[in-house]
Amino acid sequence: MTQETAAATTDAVLDREETISRDELEALQLSRLQHTVAYAYDRVPLYKRKFDAAGVHPADLRELSDLAKFPFTTKEDLRLEYPFGMFAVPQHEVARIHASSGTTGRATVVGYTKKDLADWAKLVARSLRASGVRPGMKVHNAYGYGLFTGGMGAHAGAEALGCTVIPISGGQTERQITLIQDFKPDAILATPTYLLTIADAMIKQGIDPASTSLKYAVLGAEPWTEEMRHELETTMNLKACDIYGLSEVMGPGVAGEAVETQDGSHIWEDHFRPEIIDAFDPTVVLGDGEPGELVFTSLTKEALPIIRYRTKDLTRLLPGTARPAHRRMGRITGRSDDMIILRGVNLFPSQIEEIALRIPELSPHFQLELTRPEGQRMDQLTVKIERRDAVTVKGATDAAKVLQQQIKIHVGSSCTVDVVEPGSLERSNGKLRRIYDLRPKA
């Protein structure tokens, strides 16, 4: 830990809930969980139907482990109740509405009371503070504003922390660079791939990304690897930490990573109860340390309480470190709906990123193309990845062979690697699309 990082962690004033014991925290969880389950049952018709169908009643929740008796909530439930069927308060008590883009189906709609918004801002502020951001700092917010929860959620949290917010939103990369140079922010909030886009654009303009005023990056909304962290920290001379959230549970700020340890995001368990289930057999609740699908139950939400929501994010729960009572999430290895099954082998984009960034000749910019050649029954995977600027054609060819071999060794599947020219692949303006499924539609 550098002296600067150590100083940043010692001057933080923590919330009381960040410092309580695990026993105190679990007692608080049980009390809040019992209230939330009864509240949802009484106020949200879907929960009453689901609980009754499962033969379970809020009174059956006597200890934390009893949560496993209750049915899951899924994104499809929210879609079926579109737009406001999941709300537990009358419309006049809903202070704000957010929604998903709806690009993969009917949008999911979430609502917040004034108390929900205050709690959300508090938890984002807690996450930012854990990641090194301090009151009085200037924060460049490059998350998208609008119905997406990222921009406004991060904005409110930074303001609640006492920061000066620069609400640039996503896109307009050249303008982002101008404002970073002119306004000299201390911290930036963005997706990791969009921060990489900003760094690349700086280099093309002849600007050294390591020369800016930025000291901290708080990055989320997509899975990223330790190799990506190293790439960004080295290129931009800053500390990069993760922030986790999803709209259905709250938005950004469900969990945040501590800058002094950088060992995974601590889940704010005074507001959320996490579980890990077997993604293939959801009746199996797994223990801490075992990898599976992350499930969340809200403990304090008023407008949209959420009971055992299946996130589809694949991770594991680990003991707390910087915040000992609050368990950590391991790195998200992928989403169950982003998993590629290639000739019987499960593969995630993050695995390719992790392997590729260990090969010096290759950049972090890649795409995965799935095809099924005419007349063949087997799917084919092509990894398109850019070489770094100084790498020769021969160097790129050699690197392609190494990547192909390493994927075969570590993932267990064969693929084709196509090393392409720098700058030729699509860049992120927010969330980056990694997988292109070009197989014939059934």
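Asn141 stands opposite Leu189 in strand E5. Strands here are DSSP runs of E with at least two residues, and helices are runs of H or I with at least four, both numbered from the N terminus. This is a predicted model, in which local features need pLDDT of at least 70 and side-chain atom pairs count only at pLDDT 80 or more, while totals for chains, interfaces and linings use all residues. Residues are numbered from 1 along each chain as its sequence is written, and side-chain values use heavy atoms, with hydrogens and water left out.

Two strands pair if DSSP finds at least two bridges between them. The table lists some of the pairings.

| Strands | Bridges and direction |
|---|---|
| E3 (residues 138-141) and E5 | three bridges, parallel |
| E5 and E6 (residues 216-219) | four bridges, parallel |
| E10 (residues 272-277) and E11 | two bridges, antiparallel |

In E6, Leu219 is the bridge partner of Ala190. From E5 the chain crosses through H8 to E6, and this β-α-β crossover is right-handed. Right-handed means that, with the strands pointing away from the viewer, the path from the first strand over the helix to the second runs clockwise.

In a regular strand the side chains alternate between the two faces of the sheet. In E5 (residues 187-190), Ala187 and Leu189 point one way. Ile188 and Ala190 point the other way, and all are buried. Buried means under 20% relative accessible area, exposed means over 50%, and partly exposed lies in between (1.4 Å probe, protein chains only).

**Helices H7 and H8**

The axes of H7 (residues 173-183) and H8 (residues 192-204) come within 10 Å and cross at roughly 75 degrees. Axes are lines fitted to C-alpha atoms, for helices over the stretch in contact, and angles run from 0 to 180 degrees between N-to-C directions. H7 and H8 are therefore roughly perpendicular to each other, a label for angles of 65 to 115 degrees. Among the contact residues are Ile177 and Ile180 of H7 and Ala201 and Met202 of H8. Contact means heavy atoms within 4.5 Å.

**The open sheet**

Five strands form an open sheet in the order E11-E10-E12-E13-E16, with antiparallel pairing. E11 (285-286) and E16 (334-335) stand at the edges, each with a single partner strand, so one side of each is left without a neighbour in the sheet. Ile276 has Leu286 as its bridge partner in E11.

**An exposed loop residue**

Where is Asn237? Asn237 lies in the loop between helix H9 (226-236) and strand E7 (239-246). Asn237 is exposed, with a relative accessible area of 52%.

Technical notes:
Angles under 35 degrees count as roughly parallel, over 145 as roughly antiparallel, 65 to 115 as roughly perpendicular and the rest as oblique.
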